[in-house]
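Thank you all for coming; I would like to walk you through one structure, slowly, and define the terms as we go.

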Amino acid sequence: MKKFVLFSLGLIAFLILLANIGPMILLAASVWFLYIIFKQFMKADSTAGKIGWAILGLFVVGIVFSNLFAVIGLAAGYGLYLIYKEWKTGSHLQSKTESDDPFVNFEREWAELNKS
């Protein structure tokens, strides 16, 4: 049952990530472009140059804010990573039953001691 839930959550997270891949790319490109504009603004010596870079920077900030919902895609990607990690560990496959056999208990206890 837990495997089915993990698969369902993984599928939903993948679809959300896929739906937001375009805005995520545009957000990353606009943040990178904003960094370039800031560096050029700091290098500019003339007032007209600084004003031009500031206007261009405000335009790019508008693009960044319009694509801010792409953070949902980032969260879906992180959730997909966590689901994959949980699936790979296989902790959902371990049974909770314990045996009364002393040799099995000894092996389990010995493995726990070796971990420490």
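Where is Leu-68 found? Leu-68 sits in the loop between α3 and α4, where helices are DSSP runs of H or I with at least four residues, strands are runs of E with at least two, and both are numbered from the N terminus. Before I continue, please note that this is a predicted model, in which local features need pLDDT of at least 70 and side-chain atom pairs count only at pLDDT 80 or more, while totals for chains, interfaces and linings use all residues. Residues are numbered from 1 along each chain as its sequence is written, and side-chain values use heavy atoms, with hydrogens and water left out.

Leu-68 is partly exposed, at 42% relative accessibility; buried means under 20% relative accessible area, exposed means over 50%, and partly exposed lies in between, using a 1.4 Å probe and protein chains only. The C-alpha atoms of Leu-68 and Leu-26 are separated by 9.9 Å, although these residues are 42 apart along the chain.

Asn-67 also belongs to the loop between α3 (47-66) and α4 (71-89), and Asn-67 is buried, with a relative accessible area of 8%. If we leave aside its neighbours within four places in sequence, Asn-67 is in contact with Pro-23, Leu-26 and Leu-27, contact meaning heavy atoms within 4.5 Å.

Between the C-alpha atoms of Val-71 and Leu-27, which are 44 residues apart along the chain, the separation is 9.0 Å.

Finally, how do α1 and α4 meet? The axes of α1 (residues 2-19) and α4 come within 8 Å and cross at roughly 150°, where axes are lines fitted to C-alpha atoms, for helices over the stretch in contact, and angles run from 0 to 180 degrees between N-to-C directions. The two helices are therefore roughly antiparallel to each other, since angles over 145 degrees count as roughly antiparallel, under 35 as roughly parallel, 65 to 115 as roughly perpendicular, and the rest as oblique.
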